[in-house]
Amino acid sequence: MTATAPIKPQQQAAEPALLGLDAVQAPVTRKRQAGPVPIAAHLPVARVVLDLQPAHLDRAFDYLVPAAMDADCQPGVRIKARFGGRDVDGFVVERLDGSDHDGQLQPLRRLVSGERVLTPEVLALARAVAARYAGTLADVLRLAIPPRHARTEKAVPDAVADGGVVADGAGSGAVAAVPLLAEVAGGVGDDGGPVVAAMDGSDAGGSDTAAGGKPWAGLWTPYVGGEAFLSRVCAGQHPKAVWTPLPGLAPSSDPDRPATLPVWAASIAVLARETVAAGLGVIILAPDARDVSRLVEALTEAGVDGTVTATLTAEAGPAVRYADFLKASRGQARVVVGTRAAMFAPVRNLGLIVCWGDGEQTLAEPHAPYPQARDLLALRSDLEQTAYLLGSPGRTVHAQAMLADGWAREIVAPRDLLRSFAPRVRALTSEALAPEGPAAYARIPSTAWRAVRDALTRGPVLVQVPRTGYVPMVACAGCREVAACPACHGPLALTDAAGGLPQCRWCGRLAGGWQCPHCRATQVRAVTVGSARTAEELGRAFPGVPVRVSSSTSAAGILDVVPARPAIVVATPGAEPVAEGGYAAALLLDAAAASAGVGLSAATEALRRWLTAAHLVVPASAGGQVLLVGDGAPGPTAALVAVNPGLLASRELDDRIHLDLPPAVRVAAVTGNRDAVAAVVARVALADATTTLGPVDVEPDARGASSRALSRVGGRVGTAGGETQQVQQAALFEDAPVRVAVRVPQVDGDQLARQLRASMAVRSAKREPGKVRVQLDPEELL
DNA sequence: AGCACGCCGACT
DNA sequence: GTCGGCGTGCTC
């Protein structure tokens with residue numbers, strides 16, 4: 001890759017005489033021609049990546065470095081360059097002494113800033129991500145590097161000025177010891193929350209342990225492999241783990257203050273503290289801003305100095321975001337906590353990556369090329385040789401696959417220990433309630449009412465109601481397993497178009513004569529969600545008990561913490577507030593709807609949401625109870641009762657291996673106008689009759705219904721030349737959006753991505769009409 | 001993507 | 001006879 005050909009620059013030396021001559025010779029017809037720019041004498045060529053949209057321009061270009069920019073024009077800086085008659089933004093990735101380009105090199109137009117925002121590590125990661133997701137480097141860099149904010153760049157103090165951290169070259173072995181604030185006597189509280197035997201912190205990575213111990217020192221002790229993981233991370237090794245945290249709240253350091261931080265957050269904070277103390281950087285990714293702020297709180301409480309952490313979330317404004325980005329890239333922030341935006345954070349000497357909340361939709365990037373945090377961070381941990389911790393109250397099949405193929409190890413608590421931390425979990429299925437007679441089918445059976453009434457004497461009760469807006473989904477009428485397509489095992493749905501027959505959302509086949517492979521029933525039933533009138537019902541049933549609602553659409557919005565007083569707290573999944581000291585009970589309603597979502601991951605998703613709620617309840621020994629109501633799918637129901645997400649995930653993974661479904665296979669979704677999609681797929685050698693599913697019609701966008709209605713009426717809206725309008729509308733309808741799925745064995749995954757990328761490059765070079773989107777491993781439709 | 005160059009219809 | 005359609009091609 002090193003370019004050795006001598007440059008043939010225009011007049012390299014800018015002698016004054018020549019300049020003068022040039023000026024004299026310049027005829028009046030010449031446009032604004034500045035004299036030849038003096039070029040840097042040493043390494044006169046800069047290889048740059050430009051912010052260009054078209055796929056076929058996804059490569060580096062060489063430019064000459066004007067002498068004036070020489071010193072600052074280092075790899076990683078932002079530049080502007082003339083390209084195709086326009087000034088475009090880009091980054092320098094290399095300085096070279098020559099170029100392999102045949103033509104004349106242009107000088108760089110402008111050096112935007114001397115700040116080296118694109119580190120070699122992030123560049124390598126971005127290239128790998130582009131390759132993996134069949135996208136362009138420019139697209140990935142747009143996700144990875146926030147827009148520059150000039151004022152902030154000047155305002156944020158330099159690392160050197162700040163002291164302690166050497167902001168130089170290839171990162172720092174030379175990180176100053178982290179001062180531990182608040183040497184609070186640690187880790188043991190004695191009411192409510194789980195109290196773990198305090199661990200002598202001395203073997204946690206060889207760092208000095210202050211007398212009196214650090215907060216939460218023993219949090220990793222209960223897990224099999226927990227302490228081993230901790231010490232390996234601190235020793236600079238790179239273990240990979242899938243972690244199922246214990247439920248409950250971590251004891252507050254101040255005995256007078258109630259516990260409000262989940263064990264998972266405290267545990268991650270401890271891990272980060274020890275890793276930083278060992279001189280390594282940390283990235284912690286969380287699914288939403290609320291979890292981020294819980295982690296920040298936990299880090300503070302764990303004794304991690306606030307000045308070494310940065311909070312990288314897109315919700316913060318551009319100035320804040322850029323400031324935090326700079327704190328990381330300048331080596332001041334040793335711990336970066338954030339949402340998706342943080343997965344590219346240029347943390348120096350990175351030693352540990354934590355991905356919390358696996359399974360949450362928000363961990364998937366909605367912008368091209370649609371990378372997903374779990375996999376991207378796993379990739380990063382391999383590239384940068386860092387430790388990796390993937391955690392969630394539940395477990396995705398993807399996490400299970402990491403365990404199954406030996407890439408990661410499991411960190412879980414032994415069963416008996418888990419049982420002592422977990423609440424008592426019961427599934428009030430209609431079968432279990434059969435002795436109650438017809439009342440067994442009530443939305444909230446009397447057993448549940450009694451349990452709530454009882455729990456309310458001890459503290460608040462959480463009531464989880466599935467989010468509204470589930471797309472109707474088909475389950476077996478007999479055993480309530482989600483119904484799958486007999487041809488390709490995609491999910492079946494009832495749509496108006498199919499005339500009452502279930503239709504596969506992947507291959508579009510109608511599943512007439514369907515029979516359940518589990519119980520042989522031939523009837524299916526649509527599963528829909530119950531309403532959110534729950535709060536009213538409960539309020540009437542328990543007069544005098546305050547009812548609070550926490551959801552994105554409720555009056556009070558999403559609540560963060562509720563006091564330890566008797567109250568009914570109705571929440572949608574993901575919006576559950578923490579109760580001080582823990583809830584006395586949780587009631588999980590409409591289990592059938594909750595466990596029958598659209599995708600393949602409906603079961604593990606439902607379990608994750610249920611367990612998330614269960615994590616907030618006090619242990620069984622303190623009377624804690626979780627009640628699941630409403631005949632959910634049997635798989636997640638059993639796993640909830642056993643408080644064992646691994647059980648469900650490993651079963652689901654086995655199923656998927658046998659049925660050739662992800663993650664056992666690699667899937668690419670190609671969505672867009674019918675003809676355009678066909679053209680793209682036609683150039684992909686791996687997409688043959690055996691690997692290609694579809695095309696199947698899809699909604700044009702989020703507001704599909706309305707835009708479809710628009711196109712229906714379209715023919716009549718013609719103003720002038722109604723006939724051509726009609727034709728155009730017909731063509732538009734003909735070219736309605738479709739999706740083709742290509743599924744190949746895992747080993748062919750990289751090649752599939754390569755071929756798709758090449759095909760998209762051809763598409764953009766040939767300017768094929770329409771729109772096409774390529775998405776690898778698209779979670780939401782699988 | 002823009003912006004060239006380059007070969008075939010309806011206009012001053 | 002031109003002006004202008006957008007069909008390939010290039011952009012360091």
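**Exercise 1.** In which sense do strand 6 and strand 13 pair, and over how many bridges?

*Solution.* The model is predicted: local features require pLDDT of at least 70, side-chain atom pairs count only at pLDDT 80 or more, and totals for chains, interfaces and linings use all residues. Residues are numbered from 1 along each chain as its sequence is written, while chains are lettered from A and ligands numbered from 1 in the order in which they are written.
Step 1: strands are DSSP runs (E, at least two residues) and helices likewise (H or I, at least four), numbered from the N terminus. Pairing requires at least two DSSP bridges between two strands.
Step 2: strand 6 (residues 240–243) and strand 13 (residues 387–391) are joined in the parallel sense by 4 bridges. Within strand 13, Leu390 is the bridge partner of Val242.

**Exercise 2.** Determine the strand order of the sheet and its edge strands.

*Solution.* Step 1: the open sheet has 7 strands in the order 10-11-9-12-13-6-14, with parallel pairing.
Step 2: strand 10 (309–312) and strand 14 (409–411) are the edge strands, each pairing on one side only.

**Exercise 3.** Is helix 9 mostly covered or uncovered, and what covers its buried residues?

*Solution.* Step 1: a residue is buried if 20 or more other C-beta atoms, placed from the backbone, lie within 10 Å of its own.
Step 2: in helix 9 (residues 318–329), 9 of the 12 residues are buried, so described as mostly covered by the burial definition. Among them are Tyr322, Phe325 and Leu326.
Step 3: the cover, judged by contact (C-beta atoms placed from the backbone, within 7 Å), includes helix 4 (150–155), strand 10 and strand 11.
Step 4: Gly331, with a positive phi near 85°, follows helix 9.

Definitions and conventions: Expected span 1.5 Å × (residues − 1). Contact = placed C-beta atoms within 7 Å.
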